[in-house]
Amino acid sequence: MTVVQNPKKEVTIKFPIAEVRNGIKALPEFAKSATLVISNDVMNYYQFTAKGEGFFSTGLILEISLHEQAPDQTEIRFEGRRAIGWIDNTNEITATYNYINGCISLIGKVLTGEAKK
């Protein structure tokens, strides 16, 4: 079995960190598979668990951290990992990146008011 590095992604958006923080904490309202399990506003760190089909049947842990770049600019760092065991094949890497990309899209929709409950 080959163990690979957990999939990670960083994006910078033109929104103040407080708005991004609120948008991230609202994700479970729009993504029913996600549950917020750790919310630390002091450290700007958030952890979600997600379950679904296939690879996600055992669960995915998504860690999100925020870093203020300027008063109206925030960097969001994502890292996905298995709830049990390690990500160890191409399909799991692809599924995790797809989930992260979906979260990025959803955060954008939440921040712009496009997301619907």
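Which residue forms a salt bridge with Glu92?

1. The partner is Arg82, in this predicted model. The closest N and O atoms of the pair are 2.4 Å apart. Glu92 sits in helix H3 and Arg82 in strand S5, ten residues apart, so the pair links distant parts of the chain. Glu92 is buried, with a relative accessible area of 7%.

2. The count of salt bridges comes to five. Another one joins Arg81 and Glu63, at 3.0 Å from N to O. Arg81 lies in strand S5 and Glu63 in strand S4 (residues 60–70), so this pair ties together parts 18 residues apart in sequence. Arg81 is partly exposed at 26% relative accessibility, whereas Glu63 is buried at 16%.

3. Arg77 pairs with Glu10, with 3.8 Å between the closest N and O atoms. Arg77 belongs to strand S5 (residues 73–82) and Glu10 to strand S1 (residues 8–13), so the bridge ties together parts 67 residues apart in sequence. Arg77 is partly exposed at 34%; Glu10 is exposed at 51%. Through shared partners, salt bridges join Glu10, Glu75 and Arg77 into one network.

4. Helix H3 covers residues 90–112, 23 residues in total. Its span from first to last C-alpha is 33 Å, close to the expected 33 Å. Its buried residues include Tyr99, Cys103 and Leu106. Just after H3, Gly113 has a positive phi of about 85°.

5. The structure holds one cavity of 30 Å³ or more. The largest cavity has about 40 Å³ of space. Its lining includes Leu27, Phe48, Tyr99, Cys103 and Leu106. H3 gives the largest share of that lining, three residues. The lining has eight nonpolar residues, no polar and no charged.

Technical notes:
Residues numbered from 1 in each chain as written. Predicted model: local features only at pLDDT ≥ 70, side-chain atom pairs only at ≥ 80, totals over all residues. Heavy atoms only, no water. Helix = DSSP H or I, 4+ residues; strand = E, 2+ residues; numbered from the N terminus. Expected span 1.5 Å × (residues − 1). Buried < 20%, exposed > 50% of the residue type's maximum accessible area, 1.4 Å probe, protein only. 1 Å grid on protein atoms, 1.4 Å probe; cavity = no way out; pocket = protein on both sides within 12 Å on 5 of 7 lines; lining within 4 Å. Points joined across faces, edges and corners; volume = space filled by probe spheres on them. Nonpolar A, V, L, I, M, F, W, Y, C, P; charged D, E, K, R; others polar. Salt bridge = Lys/Arg side-chain N within 4 Å of Asp/Glu carboxyl O.
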